Amino acid sequence: MAAKSLFGWLGVDREKGSKPSDGLEKMQERRSKRLAQRRAAHESAINNSNSSARRIGRRGQISPQAAGPMKRNKRSREAGIDRIKGPAKLATHALAMSSTRMRGQRAAMADKKRFMGDYVNDIGCIPGRAENVLPWASDENLVPGPAERNASLPAYQRTPPQRCAIIVDRHVHKNGGSTMRDFFLELERLGYGLYTGYSQMRWAEDGAVLSKLAMAAAKRGAAPRHLIMMEAHFGYVEFADSVMPQLQSVERIYQTAKISCPLVLVTRVREPLAYYISFFKWGVAGRQAKDPKTFGHNFTGWASQVPNLQSTIMTKGMMAMPAEYYGRFPNSARVRMSNEQAWEQVSKLLDQFTLVGTVKRFDETLLLASDLTGLPLFPYKRNKPTNKMGFRGSTKSVCPDLDACREHVRRVAPVDHLMYDKYASLFEARLQTLGPEFAKRVSAFSADVDAVAAKWQRAPRKQTICRFHPEASLSVPELQTSNLRCPIHDSMELCQRVYAHRLFECPWQYRANSTLSDPLGCWRKSSGFN
């Protein structure tokens, strides 16, 4: 396969008879046994404490005033005691609780001592096991630092990695953004560039460092050595309001100094009905089942409450939250806009993008982004985020009459249709000008991606590699520059700030270069995000 030459790609064959859930099943088994043992010990402690409690009661060591009726609470339920009265039973309760606390403390200490071994065994991260190697990686280890860019390229990649480039993926919900996030994170893991994003809550600080690097580069007449990969998803700092203008000012610094460091803004649009259905199944249908009055009773009822959903989220990412969690848009100025005003706003934004592809043409979009930036390519995993709230319905169950749903969406989302019609048509025309040679490259790339799809199903997802980690202070000891592994050459300060401010903490961002030796553990479970 062509990708072998770039990443030393190896196949991943699991041990015979094993399956991805083996480690988790063993973990559940062990936990069940431990729970049964603790319950047995708990009952024994209560029985043993009864005689001691009666002796204490006879000696009168607990005053009658302290022995009044006690309401049932969580601890008394655990001890099997309800509405305790009298000094003897009160003492029984006190002793049982003390015994429970001591056992809990001892168990916590034991758990801490065996954390690495027990946790590694639970998750299945055992040195030497095939599933520790992601599909394109050569072994369990990481490269020791920024990757050298002298490897041969796969046949479908034409632009070699550049000395300096900034690529931004504007991640609109349900338009392939989580796949791009994992793509960026794995390039960082392999040492090719620095991922920043999800939100840009602390963008003012990070952007100032990027501007400083650009000015220093202009002064010395040479580009910095870094690939910056940004996921502009959503947050209270909107991409269009402050992040994009500052990135464009950085681009102008390089252009004025005649230094090559392209800024490439990428996003994707989706056919409007497909977008509405995908968003509904993923984040709304489960909530609607529990609260139909708020969420509109059915698909079309909800769609009417969130007009122009895709184009609204494109310009204001935070509008995804009320659409998902409250089933309607607030009565804000953005929603009160006329369709003409809303279309002017979204077209003004997207006309500034370097590349507006489509979800249907994901591989074509990614290949073009690589041509523009030298972004290294590999057989990525196509993500399919799990529907929330346990929803398992099909498109047919959501929209029994697709034609009627399509007409309804056309009525409630005219701006979405204008956006899709314009930019999908422009993208198709762009592909036509690239001709059959580009189409062959796309086919080869897609074939590589398809070939590893089954192996990706047996490998850990990104969420078991990185964990949710809200923005931190630079003073956190773990973020001292001496502790960090920075995948870019010229700015440890930028790495430090990005690692502090982004919402994902990954084992490889620290000095240890093996996911197995990292102090955070291996394939650490995530506490958030699909």
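How many bridges join strand 2 to strand 3? Five, and the two strands, the latter covering residues 226–232, run parallel. Strands here are DSSP runs of E with at least two residues, helices are runs of H or I with at least four, and both are numbered from the N terminus. Two strands pair if DSSP finds at least two bridges between them.

Some ground rules before going on. This is a predicted model, where local features need pLDDT of at least 70, side-chain atom pairs count only at pLDDT 80 or more, and totals for chains, interfaces and linings use all residues. Residues are numbered from 1 along each chain as its sequence is written, and side-chain values use heavy atoms, with hydrogens and water left out.

Across from Tyr 198 you'll find Ala 232 in strand 3.

Now for the helices. Helix 16 (residues 362–373) packs against helix 19 (residues 414–451) at about 95°, with the axes 10 Å apart; axes are lines fitted to C-alpha atoms, for helices over the stretch in contact, and angles run from 0 to 180 degrees between N-to-C directions. The two helices are therefore roughly perpendicular, a label for angles of 65 to 115 degrees. Among the residues that meet are Leu 368 and Leu 372 from helix 16, and Leu 434 and Phe 445 from helix 19; contact means heavy atoms within 4.5 Å.

Next, the aromatics. Rings of Phe, Tyr and Trp (its six-membered ring) pair if their centres lie within 6.5 Å, and planes under 30 degrees apart are stacked, over 60 edge-to-face and the rest tilted. The count by this rule is 16 aromatic pairs. Phe 239 and Phe 353 make an edge-to-face one, at 6.3 Å centre to centre and 65° between the planes. Phe 239 belongs to helix 8 (residues 239–256) and Phe 353 to the loop between helix 15 (339–350) and strand 5, so the pair ties together parts 114 residues apart in sequence. At 5% relative accessibility, Phe 239 counts as buried, and so does Phe 353 at 9%; buried means under 20% relative accessible area, exposed over 50%, and partly exposed in between (1.4 Å probe, protein chains only).

Phe 445 turns up again with Tyr 380 in a tilted pair, 6.0 Å centre to centre with 55° between the planes. Both Tyr 380 and Phe 445 belong to one aromatic cluster, which also includes Tyr 156 and Phe 378.

How values were computed. Parallel < 35°, antiparallel > 145°, perpendicular 65-115°, else oblique.
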